[in-house]
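Trainee: I've got a structure open and I'd like to learn how to read it. Can you walk me through some features?

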Amino acid sequence: MQDGNQMINMKYKNEIETERKFLVKYLPKNYKNNRVLEIEQAYIEFNPKEHRIRKKNNIYLETYKGTGELSRTEEEMQISKEKYESLLTKKISRLIVKDRYMIPIDNKLTAELNEYKKDLKGLYV
């Protein structure tokens, strides 16, 4: 997965994404001391592909995800702020706002802890 800083130099990516999500029972100690990405996102369409727009810090992205449960294709393009705002008017979901903490773990891996804001406040995934 690319973080917001790496995406600055990337206009397009197409890859297989394997994603697993877990509800958090206990928050890691000092998790707020890690690098954080401020994210807002909304969904434009779910069928046949998931179509999502996202603002990650000051980078605007448009993403299409293929079908699948654990692994699926993900096509992501950097877009302009104007295109993001135009697509935002077509959203079919609520605007999701979250902070994503990038927490280093063993084997050079990074855990991503999402702390949701606004109407989902108190949800950690």
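Trainee: Which residues is K117 in contact with, leaving aside its neighbours within four places in sequence?

Mentor: Contact means heavy atoms within 4.5 Å. By that rule, K117 touches V97, K98 and D99. One caution: this is a predicted model, where local features need pLDDT of at least 70, side-chain atom pairs count only at pLDDT 80 or more, and totals for chains, interfaces and linings use all residues. Residues are numbered from 1 along each chain as its sequence is written, and side-chain values use heavy atoms, with hydrogens and water left out.

Trainee: Where is K117 found?

Mentor: In the segment after β7. Strands (E, at least two residues) and helices (H or I, at least four) are DSSP runs, numbered from the N terminus.

Trainee: What is the relative accessible area of K117?

Mentor: Buried means under 20% relative accessible area, exposed over 50%, and partly exposed in between, with a 1.4 Å probe and protein chains only. K117 has 26%, so this residue is partly exposed.

Trainee: How many residues of strand β6 are buried?

Mentor: In β6 (residues 96-104), 8 of the 9 are buried, so the strand is largely enclosed by the rest of the structure.

Trainee: How many aromatic pairs turn up in a search of the whole structure?

Mentor: Rings of Phe, Tyr and Trp (its six-membered ring) pair if their centres lie within 6.5 Å; planes under 30 degrees apart count as stacked, over 60 as edge-to-face and the rest as tilted. The search finds 4 pairs. In one of them, the ring centres of Y31 and Y124 are 6.4 Å apart and the planes sit at 85°, so that pair is edge-to-face. Those two are 93 residues apart: Y31 is in the loop between β1 and β2, Y124 in the segment after β7. Ring pairs link Y31, Y101 and Y124 into a cluster.

Trainee: What about Y60 and Y84: buried or exposed?

Mentor: Both are buried. Their aromatic pair is tilted, at 5.1 Å centre to centre with 50° between the planes. Y60 lies in strand β4 and Y84 in helix α2, so the pair ties together parts that are 24 residues apart in sequence.
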